[in-house]
Amino acid sequence: MDFIAGAIGGGLSTAVGYPLDTVKVRIQTERRYNGIWHCIQETYRTEKMWGFYKGVSASVLMVSAISSVSFGTYRNFLCTICKLRYGVADAKPSQLDVSLAGGAAGAVRVVFMAPSEVAKVRMQTQRNPHPSMASQPLSRPKYRGSLHCLKVIAKEEGFRGLYKGCSALLCRDCSSSAIYFLTYSALCDWLTPSGKNKPGLLVVLLSGGFAGVLAWGLATPMDVIKSRMQIDESEQHQYRGLVHCARESVRKEGAQVLFKGLGLNCIRAFPVNMVVFVTYEAVLRFTDHY
């Protein structure tokens, strides 16, 4: 049931946070914006509301699947670790156990997540003026949808193109996933009154929200590098790898470039991860009850 609960939570959270995710990606990859509000204004002015939801349908489906894998992998790894260390799968895990299981879940997630992340970022940064804003007939966009985007990338850049930025994504997700699950588990234990077996609704909401904020706060530098590597198309070849991308970005824009979108990541993370965990816990408790 962890897989099903994770899938439902992931899908709902993506629908909630997608517009801000689009703004975040554009701020991280393009120098033309002066800040969050300027990016929002420009996106709406030229592309209307649809500009914030490019690639959302495929992203919801993919994140549902990936979230299912993430939560299911985390729970199975945690049970395995507890069984090896304490002899029983349902033993109370230590903070190290939770961190290791979270990091493993992040690593497994990357394998499935990388192609959809590349397509999402390419779709979000593709400029398609709204018909009402065009003074002349619009040319056909390079990517007509998420699946078409994946097809074009595979054709032009090969299989490696689908996993562009995977090194940065792996660094981002292993560390942030470990922090994510550790923070949630620690806050739930701390905020739940003694004598209660499970955290209440408010505890789940607060723990999930703060876990998301902390995880994304620490993940932002690698998130910037990942996004920049993923929009680097075959004819551009700006970056030769993770270290080169980080070095070039800092050289041209200063160290602050690694924290582009930090505030937006944290703002988005709180409601999104509240939805993830409250849905996850609700589904598990519903199935346990019936």
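Let's start with a nonpolar patch on the surface: W190, L191, L202, L206 and F210. Together they have about 550 Å² of accessible area. Two helices give two or more residues each to the patch, α6 (166–191) and α7 (201–230). The largest share, three residues, comes from α7.

Some ground rules. This is a predicted model, where local features need pLDDT of at least 70 and side-chain atom pairs count only at pLDDT 80 or more, while totals for chains, interfaces and linings use all residues. Residues are numbered from 1 along each chain as its sequence is written, and side-chain values use heavy atoms, leaving out hydrogens and water.

Now the terms. A patch takes residues with over 30% relative accessible area and no salt bridge; like charges are joined within 9 Å, and nonpolar side chains (Val, Leu, Ile, Met, Phe, Trp, Tyr) within 5 Å. Accessible areas come from the Shrake-Rupley method with a 1.4 Å probe, and for residues only the protein chains shown count as cover. Helices (H or I, at least four residues) and strands (E, at least two) are DSSP runs, numbered from the N terminus.

Back to α7. F210 lies in this helix. Is F210 buried or partly exposed? F210 counts as partly exposed, because its relative accessibility is 46%. The cut-offs: buried is under 20% relative accessible area, exposed is over 50%, partly exposed is in between (1.4 Å probe, protein chains only).

S207 is also placed in helix α7. S207 has 0% relative accessibility, so it counts as buried. A polar atom of its side chain lies 2.7 Å from the backbone oxygen of V203. Which residues does S207 touch, leaving aside neighbours within four places in sequence? Y184, L187, C188 and L191. Contact here means heavy atoms within 4.5 Å.

UniProt, in an unreviewed entry, places the feature "transmembrane region" at residues 200–219. UniProt positions use the numbering used here, feature names are shortened, and annotations may be inferred rather than shown by experiment. In the model, that span is 95% helix and 0% strand, and its end C-alpha atoms lie 28 Å apart.

Next, the whole chain. It has nine helices and zero strands. Of its 290 residues, 50% are buried. Among contacts with a separation of 6 or more, 77% are between residues 24 or more positions apart. L100 is found in helix α4 (residues 95–125).

Last topic, salt bridges. The rule is a side-chain nitrogen of Lys or Arg within 4 Å of a carboxyl oxygen of Asp or Glu. The count comes to 20.

Take D21 and K24. Their closest N and O atoms are 3.3 Å apart. Both lie in helix α1 (residues 2–29), three residues apart, about one turn of the helix. D21 is buried, because its relative accessible area is 7%. K24 is buried as well, at 1%.

Then E157 and R122, with closest N and O atoms 3.1 Å apart. This pair links distant parts of the chain: E157 is in helix α5 (residues 146–162), R122 is in helix α4, and they are 35 residues apart. E157 also forms a salt bridge with K164, at 3.0 Å between the closest N and O atoms. E157 counts as buried, because its relative accessibility is 15%. Elsewhere, shared partners join salt bridges into one network, including D21, K24, R109 and E117.

Methods:
A polar contact is a pair of N or O atoms within 3.5 Å; within protein, one must be able to donate a hydrogen and the other to accept it, and residues adjacent in sequence count only if both atoms are side-chain atoms.
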